[in-house]
Amino acid sequence: MIFPIPTGFIGIGTMGEPMALNLVRAGTPLVVWNRTREKSEPLEQAGARVADDIADLFAACETIILMLADGASTDAVLDRGGADFSKRVAGRTIVAMGTVSAGYSNGLGADIRAAGGRYVEAPVSGSRKPAEAGQLVGLLAGEADDRARLRPLLSPMCREVFDCGPVPGALHMKLAINTFLITLVTGFAEASHFAARHDLDMARFVDILNAGPMASDVSRVKAEKILHRDFARQAGISDVLKNSRLVVEAAREASIASPLMDLCFALYGETEALGLGEDDMISVVRAIEERTGAMAHA
């Protein structure tokens, strides 16, 4: 299904670029905007139109996808609380694909609806590699008719899209999925460090892991990165730290215990403090190595 009216896409970052490229390659007419215009050039070369400014994008599009880092970025793009907010959202559908708190999303949705717009949460599960392959898992929350209408739009970016009911169901689901992902990768990093410190053959360690029942797409990718000390970003430490904080805060608000995520939150904070915020999340192993070094010198 091709959407005849151009779709807007704001936020051409680590995830946004491959996601938007998949939309263009699927034939979706796309108007894009990014604060740093140079990041939009691959989209322009692929056939998207780069908006002159935000106002140009909103004027051209009825559905606008936001792939932004946080609530502050989202508020700035929409001019939430400003004179242009109603003009930008009235009569349009805002599709928020970034990961923010459920409380923020609830408030944003209420403001958009009050201004005459429609709002849908559509966070995705997956990192840069699945984004490039169009193999993300999409989570949709909002009004039922909006969810049904937007599923075809998301399909070039996602191998599967799941309905999660009304807002903020998609974000709560994303945080639950992230809890498993973050603890899984952190546990693998600790296991790898344990193996390395016992002078085990790390290639053999990876082979045994991949042959066993714990193997997964995630563990295979991270095992190769550990094996080659490849910390090039797929899901960055700073992003994982943000997601860890959102999980811990959501758990506290609901009076839920989160013992593993509390530890992960601390470890990713230590990793970022090492100056590794832009490295891949598997570089959390370096914070574990730092702890081992501190014990050795205690």
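Analyst: The lining of the second largest pocket divides into seven nonpolar residues, five polar ones and two charged ones, as computed from a model that is predicted. The volume of this second largest pocket comes to about 310 Å³, and of the 14 residues that line the pocket, those closest to its centre are Thr186, Glu190, Leu267, Ile288 and Arg291. Three helices, α9 (169-197), α13 (259-273) and α14 (284-296), each supply at least two residues of this lining, and among the contributors it is α9 that gives the most, with six residues.

Turning to the sheet, one finds an open arrangement of three strands in the order β7-β8-β9, in which the pairing is mixed. Because β7 (124-125) and β9 (158-163) stand at the edges and each has a single partner strand, one side of each is left without a neighbour in the sheet. Strand β8, which covers residues 136-140, runs parallel to β9 and is joined to it by five bridges; as for individual residues, Val137 has Glu160 in β9 as its bridge partner. Helix α8, made up of residues 144-154, packs on this sheet and touches both β8 and β9, while its direction makes about 170° with that of β9. As a general point, the strands of a sheet pair through backbone hydrogen bonds, and they do so either in parallel or in antiparallel fashion.

Terms used:
Residues are numbered from 1 along each chain as its sequence is written. This is a predicted model: local features need pLDDT of at least 70, side-chain atom pairs count only at pLDDT 80 or more; totals for chains, interfaces and linings use all residues. Side-chain values use heavy atoms; hydrogens and water are left out. Two strands pair if DSSP finds at least two bridges between them. Helices (H or I, at least four residues) and strands (E, at least two) are DSSP runs, numbered from the N terminus. Contact means heavy atoms within 4.5 Å. Axes are lines fitted to C-alpha atoms, for helices over the stretch in contact, and angles run from 0 to 180 degrees between N-to-C directions. On a 1 Å grid over the protein atoms alone, a cavity is a set of points where a 1.4 Å probe fits but cannot get out, and a pocket is an open set with protein on both sides within 12 Å along at least five of seven lines; lining residues have an atom within 4 Å of a point. Grid points are joined across faces, edges and corners, and a volume is the space filled by probe spheres set on the points. Ala, Val, Leu, Ile, Met, Phe, Trp, Tyr, Cys and Pro count as nonpolar, Asp, Glu, Lys and Arg as charged, and the others, Gly among them, as polar.
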